[in-house]
Amino acid sequence: MKEDTQVNPLFGGFQKTNQILEFQITQEYTGQQKHLCYLVPQWKEVLDFDTFLFGEGTSVAKIVSGSIFNSPNFGIAGISNIGDEINWTGHTLAQANLYGFGRLAWDPSLSGKKIIEEWIKCTFGNNETVLNNLSEMMLKSWNIYEKYTAPLGVGWMVNPGHHYGPNVDGYEYSRWGTYHKADHYGIGVDRTLKSGTGYTAQYRQQNFEKYEHLDSCPDELLLFFHHVSYIYKLSNNKTVLQHIYDTHFEGVEDVQWLIDKWQGLERYIDSKRYSSVYQRLLEQRESAKEWRDIINSYFYRKTMIYDEKRRKIY
């Protein structure tokens, strides 16, 4: 599952096929362990997703456990984030994703909060300040990453090949198909049955109805399922374009918040691990600024619609 895409309708579609869910523990599309991005909350959304295969309550977790079909040929796999660094994962805090994958595979009912608190205590001890600061950082990190990268479920906007850093049109004209379909008037891929590719019809009726219609499609997946104008109003009454501007500025501010929270832990953490994480957070801040400036400038030049707050956009 890539950043900001909905659960594949094949879960809930197949009934006579063995199924294994694969999670990408390595952060190929979520900052490559240079950025802090705790992925367990994302994976929990996938596991808890109700496919409605046999009515309400047929979650992905129940399907991949094999319990629905009374079969052992189901499961969860992961693309590991272990490399040749002495701390295994490069970013010390990325170890939490590997730990979290193992815990969820063993017990998918666990919450992201419980898992991260376990990991913090195992890794840094029982200090309450460390536990509180770091758990807050980790639990907010996925949302922060999404703020300054690709908006509203539209998909990748990364550099081809190595997939690090922003490139709005990097895969727009590629056969790989990670399209955003942005033009002067609007953005998003129409995957509806009524007027698009028909992808929504692969879901069971309850999910089909949710994704097919603009008024019921969640904002965070809007551009994955629909092509809309830049002035389309989201549930918070912001236009799509103003949301893009705002979240990309907020994302940089939020990374600075991560840095500030981490600096508050310097006295509690050994200098080697403290410095290693601090340097990664500084890299994340610079990358977030690059994302902000490239994404906002791209859409300003596409639309020539000003940011309502008149912030600097190139």
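This is a predicted model: local features need pLDDT of at least 70, side-chain atom pairs count only at pLDDT 80 or more; totals for chains, interfaces and linings use all residues.

Residues are numbered from 1 along each chain as its sequence is written, and side-chain values use heavy atoms, with hydrogens and water left out.

Student: Is Asn 81 buried or exposed?
Tutor: Asn 81 is located in the loop between β2 (74-79) and α3 (95-106), where helices (H or I, at least four residues) and strands (E, at least two) are DSSP runs numbered from the N terminus. Buried means under 20% relative accessible area, exposed over 50%, and partly exposed in between, with a 1.4 Å probe and protein chains only. Because its relative accessibility is 4%, Asn 81 is buried.

Student: Which backbone oxygen does the side chain of Asn 81 reach?
Tutor: Contact means heavy atoms within 4.5 Å. Leaving aside neighbours within four places in sequence, the contacts of Asn 81 include Ile 25, Trp 88 and Leu 98. At 3.1 Å, its side chain reaches the backbone oxygen of Ala 94.

Student: Which residue follows α9, and what is its phi?
Tutor: Helix α9 (residues 271-303) has 33 residues and reaches 48 Å from its first C-alpha to its last. Leaving aside neighbours within four places in sequence, Phe 299 is in contact with residues including Met 157 and Tyr 245. The residue after α9 is Met 304, and its phi is positive, near 55 degrees.

Note on methods. A polar contact is a pair of N or O atoms within 3.5 Å; within protein, one must be able to donate a hydrogen and the other to accept it, and residues adjacent in sequence count only if both atoms are side-chain atoms. The expected span of a helix is 1.5 Å times one less than its number of residues.
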